[in-house]
Amino acid sequence: MDLLISFVLALVALLILLQLTVLLLWVERKGSALIQDRVGANRANLFGGLLPFNLGIVNTLMADPLKLFHKEDVIPKDADKFLHWLAPFIAVLPLFVTFAVVPFGDVLVIGDRVINLQAANVNVGLLFVLGMVSLGVYGVVIGGWASNSRYAFLGGVRGSAQMISYEIGMGLALVAVVLTYGTLDLQQIAREQGKLMWGVIPAWGVFYQPLALVLFFIAGIAESKRPPFDLPEAESELVAGFYTEYSGSKQSMFMMSDFIEVAIVAALVTTLFFGGWQVPYLQRDGFHFPGGFFVGVPSLVVTILQVVSFLVKLFIFCWLQILVRWTYPRMRYDQLMNLGWKRLLPIGLANVVVTAVLVLALEGFTIK
Amino acid sequence: MNPYIALLISFALCAIVAGIMCGASWLLGPKVENKAKSEIFETGNPPLGSIRGIRFPVKFYLTAILFVVFDIEVVFMYPWAVVFRRLGWMGLGEMAVFVAVLAVGLAYVWRVGALEWD
């Protein structure tokens with residue numbers, strides 16, 4: 001029974017992620033159209049006009065992935081076949097698994113069984129996420145190397161240097177967060193944020209670590225290799241960068257890994273800084289408003305509200321990243337390296353030191 | 001139940017799904033051999049040949065080495081951050097020494113221009 005439950009939870013986490021990536025693909029195409037004042041993709045049909053009507057909105061939700069999966073899988077003749085296959089697999093697998101440790105709700109109570117709404121409740125959650133996200137660099141490097149093409153190679157080399165540079169900034173930003181909560185367990189961190197500051201303001205991470213939020217968000221966008229940090233796949237310079245020589249579903253895996261990274265950054269921002277699944281003032285038995293007002297809510301409804309709250313927050317931060325992507329022009333490579341090494345690293349380090357001193361000095365003042 | 005078993009289940013499920021999605025084109029797509037198609041794409045020019053043994057700027061190597069130094073620093077900070085409250089001011093002092101050494105290192109590589117990208 002326990003095995004079945006964890007299988008279902010793993011499936012739910014994976015499905016949330018897959019649905020979200022497909023939805024993000026559609027939002028990206030329609031959203032960019034909205035930003036650039038054009039219509040965007042608006043028609044689709046099956047099997048060359050078999051259906052008498054236009055599928056419209058279904059376009060990118062279904063047509064894009066389906067079309068990519070039906071394209072020919074081309075491997076260049078000088079390429080390393082095994083590595084060429086391995087790269088897209090390595091690019092997506094760690095990112096898929098990352099979502100297993102992200103809590104998407106508190107607990108679901110069925111009868112006397114209490115189910116933790118998290119696919120794997122490991123106590124090193126945050127470390128696991130960092131480790132898995134950093135494995136993404138292998139997909140880029142191997143993809144760039146295996147294709148045996150100059151463009152792919154340049155993209156791979158650029159990508160590796162960029163991703164490892166920003167990993168440091170990301171790691172340092174999260175150290176400050178761990179200092180505030182004193183745990184690596186994401187579910188625990190989300191629960192801590194259910195408390196109130198001075199009885200009014202929800203104790204969300206953003207109020208304790210605003211600087212870490214900014215650092216993490218910038219480093220996260222850079223890790224996902226999307227504009228303004230899309231140097232590894234810069235279309236105008238490198239065709240498509242490290243996946244120039246990929247086609248069909250393998251290429252779609254690389255595109256998908258970008259969207260999954262967007263989703264992961266959004267999920268982490270939500271969980272660490274915006275209370276995760278917390279709804280302000282909502283406890284397990286109902287709303288406890290400041291001033292002593294109490295509105296009782298059934299347990300199941302509370303759980304549903306929390307899951308919805310998580311998904312809404314998740315989507316807001318995905319949309320924010322898409323806005324950033326369509327607003328800023330691409331950076332130059334030296335600017336990118338300067339931002340990573342000369343800004344994020346020292347500021348992150350200073351943030352850790354200041355946080356550590358403050359946590360000790362104001363022991364009674366912090367959440368613990 | 002051990003949470004790592006749940007993680008393992010998640011891994012297996014994701015590996016199957018990722019494998020199917022990677023192989024979808026190979027299963028479903030057409031397979032037409034073509035000389036031009038199997039060549040690498042170099043914006044329409046005849047390809048210049050293999051990249052094995054190609055030379056690229058040493059800056060990327062230097063970045064990787066610097067990454068190892070500073071990322072290990074961050075890795076050491078995680079266990080410290082978790083037990084930070086129990087260690088108190090003593091733990092903070094010890095970590096301050098560790099960070100100070102690396103901050104001097106950062107100042108040094110900054111000064112000698114290892115972070116400059118031209």
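Predicted model: local features only at pLDDT ≥ 70, side-chain atom pairs only at ≥ 80, totals over all residues.

Tutor: Let's start with a salt bridge: the side chains of A:R226 and A:E28 meet at 2.9 Å, N to O. A:E28 belongs to helix α1 of chain A, while A:R226 sits in the loop between α8 (210-223) and α9 (235-238) of chain A, so the pair ties together parts that are 198 residues apart in sequence. In general, side chains of opposite charge can pair when their charged atoms come close. Over all chains, the count comes to 7 salt bridges.

Now for the interface. Between chain A and chain B the salt-bridge count is 0. There are polar contacts, though: 9 residue pairs across the interface, with both residues at pLDDT 80 or more. On chain A's side, the elements that give two or more residues are α1 (2-35), α2 (58-69), α3 (81-98), α4 (125-146), α5 (150-181), α10 (248-273) and α12 (333-361). The biggest giver is α5(A), with 18 residues. Sorted by type, this side of chain A has 57 nonpolar, 16 polar and 15 charged residues.

As for the extent of the contact, 88 residues come from chain A and 65 residues from chain B. Together the two chains bury about 6900 Å², and 75% of that is on carbon and sulfur atoms. Three residues, A:R150, A:W341 and A:L360, supply 11% of the area chain A buries against chain B, more than any other three residues.

Let's finish inside chain B. Helix α2 (residues 59-82) and helix α3 (residues 84-111) of chain B pack at an angle of about 170 degrees, their axes 10 Å apart. Angles over 145 degrees count as roughly antiparallel, and α2(B) and α3(B) are therefore roughly antiparallel to each other. Who makes the contact? From α2(B), the residues include B:F70, B:F76, B:M77 and B:W80; from α3(B), they include B:F84, B:M95, B:F98 and B:L102.

Notes: Residues numbered from 1 in each chain as written. Chains lettered and ligands numbered in written order. Heavy atoms only, no water. Contact = heavy atoms within 4.5 Å. Buried area = accessible area lost by both parts, 1.4 Å probe. Salt bridge = Lys/Arg side-chain N within 4 Å of Asp/Glu carboxyl O. Polar contact = N/O pair within 3.5 Å; in protein donor to acceptor, adjacent residues only side chain to side chain. Helix = DSSP H or I, 4+ residues; strand = E, 2+ residues; numbered from the N terminus. Nonpolar A, V, L, I, M, F, W, Y, C, P; charged D, E, K, R; others polar. Axes fitted to C-alpha atoms, helices over the stretch in contact; angles between N-to-C directions. Parallel < 35°, antiparallel > 145°, perpendicular 65-115°, else oblique.
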